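This report describes how a protein chain surrounds its ligands and how its charged side chains pair. Please keep the sequence and the structure in view while reading.

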Amino acid sequence: MPKRALITGVTGQDGSYLAELLLGEGYEVSGMVRRTSNVNYERVEHIADKIRFVPGDLLDEGSIVAALRDVQPHEVYNLAAQSFVTTSWNQPMFTGEATALGVTRVLEAVRQVDPSIRYYQASSSEMFGKVREVPQDETTPFYPRSPYGVAKVYGHWITINYRESYDLYACSGILFNHESPRRGLEFVTRKVTSSVARIKAGLDRELRLGNLDAKRDWGFAGDYVRAMWLMLQQDVPDDFVVATGETHSVRELCEIAFGRAGLDWTAYVVVDERFLRPAEVDLLVGSPAKAAEKLGWTPTVAFAELVEMMVDADIERLRR
Ligand code: NAP
Ligand code: G4F
């Protein structure tokens, strides 16, 4: 009998790659989708006939219980969230409801419907915020710097609490930034690569950005969803950092992205205060040692390769 998985956030970047991976592993894949005024299944369009979509919202406990009763999954991947850090300052309550309390709603539904379900929580390196050590690993203390980061810390600890209180197989993956051609346009990597394509095509003349000095540990989303799946295939549930172990600045990102299109980034990038954050996370770099040792996981796409892949995809998208 094939295993059944339910993915919340299936319409997002990670949801689409995870759905592909699980289908390839022979799973029956269901995706929880919320009601929106426009259908936005673009990232899963190519596999939509293989996914069962079930209605549900992180803000509505009853809908999550109904989705679990309907699908009867062996594994739940909770990827849904208000995931954009900047928005979390504009909508802190909503971010708390979805990104923090939403986790408890899913865990509570798992506990009530079938406590044997294996659960994955999408935790974040944003929890490290003003970092206490370099590199960050599973034992590094948290110091979140945004309502989003604070909400993720809650989601992380409630996952551990449900594991320890109710003996659930619940894992928290502390994932560092991961990107792809399917990344949302508001995140800095995709903002840069889509802008490079537009400038190259003569549609734009400049790119306005915030803090060019911020450093991130950027990997490829396709690699990172494999780590999520591996976490749920172990004998005992545990928490893992997933990262490349390398860090790069937004400035380096610009240099590689514009360079790929034969452009000099300094001629186009303008620093605009509107994109600075009330509190910044200056530097993230993770240690993937535990994931390598216990999951056998290693990243396959290097930073420059990732940026070039995204630029090429955006140029091709515009051409089409
Ligand atoms: P994303 O592209 O922004 O996708 C977020 C998903 O959550 C979308 O499918 C969205 O649905 C859904 N969603 C939002 N609010 C919801 C609600 N109230 N009820 C049900 N669904 C809701 O995010 P991502 O990059 O794939 O990230 C996946 C998860 O990993 C998120 O929890 C994120 O915080 C976390 N994370 C991401 C990274 C990263 O670098 N990508 C790193 C660490 C952790 P709609 O399509 O309807 O908006
Ligand atoms: O691409 P970003 O918006 O990603 P951020 O804030 O690191 O969050 C992402 O990664 C987290 C994992 O660490 C996830 F949990 C979260 O859901 C999300 O996927 O910004 C990256 C850096 C920041 O330091 C920001 O200040 O880029 C800097 N930046 C500079 N100019 C900009 C811009 N970011 C954005 N979005 N837009 C700019 O114009």
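## Ligands and salt bridges in a predicted model

Ligand 1 is surrounded by 25 residues, the closest being Thr 11, Asp 14, Arg 34, Ser 83 and Tyr 148. A residue counts as near a molecule or strand if one of its heavy atoms lies within 4 Å of it. The model is predicted, and local features need pLDDT of at least 70, side-chain atom pairs count only at pLDDT 80 or more, and totals for chains, interfaces and linings use all residues. Residues are numbered from 1 along each chain as its sequence is written, chains are lettered from A and ligands numbered from 1 in the order in which they are written, and side-chain values use heavy atoms, with hydrogens and water left out.

### The shell around ligand 1

The residues around ligand 1 divide into 9 nonpolar, 11 polar and 5 charged. In this classification Ala, Val, Leu, Ile, Met, Phe, Trp, Tyr, Cys and Pro count as nonpolar, Asp, Glu, Lys and Arg as charged, and the others, Gly among them, as polar. At least two residues of this shell come from each of α1 (13-24), β5 and α5 (147-166). The largest share, 3 residues, is supplied by β5. Helices (H or I, at least four residues) and strands (E, at least two) are DSSP runs, numbered from the N terminus.

Several N or O atoms of the protein lie beside ligand 1. A backbone N or O atom of Gly 9 is 3.4 Å from an oxygen atom of the ligand, while a polar backbone atom of Leu 58 lies 2.9 Å from a nitrogen atom of ligand 1. In the side chain of Arg 183, an N or O atom is 3.2 Å from a nitrogen atom of ligand 1. Of the 900 Å² of accessible area that ligand 1 has on its own, the protein covers 91%. Accessible areas come from the Shrake-Rupley method with a 1.4 Å probe; for residues, only the protein chains shown count as cover.

### The shell around ligand 2

Around ligand 2 there are 23 residues, and the closest are Ser 124, Ser 125, Tyr 148, Arg 277 and Glu 280. This shell has 10 nonpolar, 6 polar and 7 charged residues.

| Residue | Atom of ligand 2 | Distance |
|---|---|---|
| Ser 125 | oxygen | 2.5 Å |
| Arg 183 | oxygen | 2.9 Å |
| Arg 277 | oxygen | 2.6 Å |

The protein covers 96% of the 720 Å² of accessible area that ligand 2 has on its own.

### Salt bridges

Side chains of opposite charge can pair when their charged atoms come close. A salt bridge is a side-chain nitrogen of Lys or Arg within 4 Å of a carboxyl oxygen of Asp or Glu, and the count by this rule comes to 22 salt bridges.

One of them joins Glu 179 to Arg 183, with N and O 2.7 Å apart. Both residues are buried; buried means under 20% relative accessible area, exposed over 50%, and partly exposed in between (1.4 Å probe, protein chains only).

Another salt bridge joins Arg 208 and Asp 272, whose closest N and O atoms are 2.8 Å apart. This pair links distant parts of the chain, 64 residues apart: Arg 208 is in strand β8 (residues 207-209), and Asp 272 is in the loop between β13 (269-271) and α9 (289-295). Arg 208 is partly exposed because its relative accessibility is 32%, whereas Asp 272, at 8%, is buried.

Asp 312 and Arg 260 also meet in a salt bridge, at 2.7 Å from N to O. Asp 312 lies in helix α10 (residues 303-319) and Arg 260 in helix α8 (residues 250-260), so this pair ties together parts that are 52 residues apart in sequence. Asp 312 is partly exposed at 33% relative accessible area, and Arg 260 is partly exposed at 41%. Salt bridges that share partners join Glu 206, Arg 208, Asp 272 and Arg 274 into one network.

How values were computed: A polar contact is a pair of N or O atoms within 3.5 Å; within protein, one must be able to donate a hydrogen and the other to accept it, and residues adjacent in sequence count only if both atoms are side-chain atoms.
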